[in-house]
Amino acid sequence: MNALLSRITINPDICHGKPTIRNKRYPVELILDLLSAGSTHREILDDYPSLENDDILACLTYAAKLSKVKSIQKVLV
């Protein structure tokens, strides 16, 4: 799991400090949005050739870690 999470980087000079994949300009939220819209791993990899399957898995792992909170009072959309 840690190897996957090491693919997620936060750099204030890239995408305004949002979590991205390997310091590339692919925010984690983009990949999660694509997956939640029904895109497959293969479709994402075909559309973004510089990404690897482990990058997608890293985004999912990162999201899973973020969701492990004791309490969520309110989520703003």
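View 1. K18 is partly exposed, at 38% relative accessible area (buried means under 20%, exposed over 50%, partly exposed in between; 1.4 Å probe, protein chains only). E29 is also partly exposed, at 39%. This is a predicted model, in which local features need pLDDT of at least 70, side-chain atom pairs count only at pLDDT 80 or more, and totals for chains, interfaces and linings use all residues. Residues are numbered from 1 along each chain as its sequence is written, and side-chain values use heavy atoms, with hydrogens and water left out. K18 and E29 form a salt bridge, with the closest N and O atoms 2.7 Å apart (a side-chain nitrogen of Lys or Arg within 4 Å of a carboxyl oxygen of Asp or Glu). The pair links distant parts of the chain, 11 residues apart. K18 lies in the loop between strand 1 and strand 2 (19–21), E29 in helix 2 (residues 28–36). Helices (H or I, at least four residues) and strands (E, at least two) are DSSP runs, numbered from the N terminus.

**View 2. R7 and D55.** The closest N and O atoms of this salt bridge are 2.5 Å apart. R7 sits in the loop between helix 1 and strand 1, and D55 in helix 4, 48 residues apart. R7 is buried, at 17%. D55 is buried too, at 0%.

**View 3. R7 and D54.** Here the closest N and O atoms are 3.9 Å apart. D54 belongs to helix 4 (residues 53–67), 47 residues from R7. D54 is partly exposed, at 35%.
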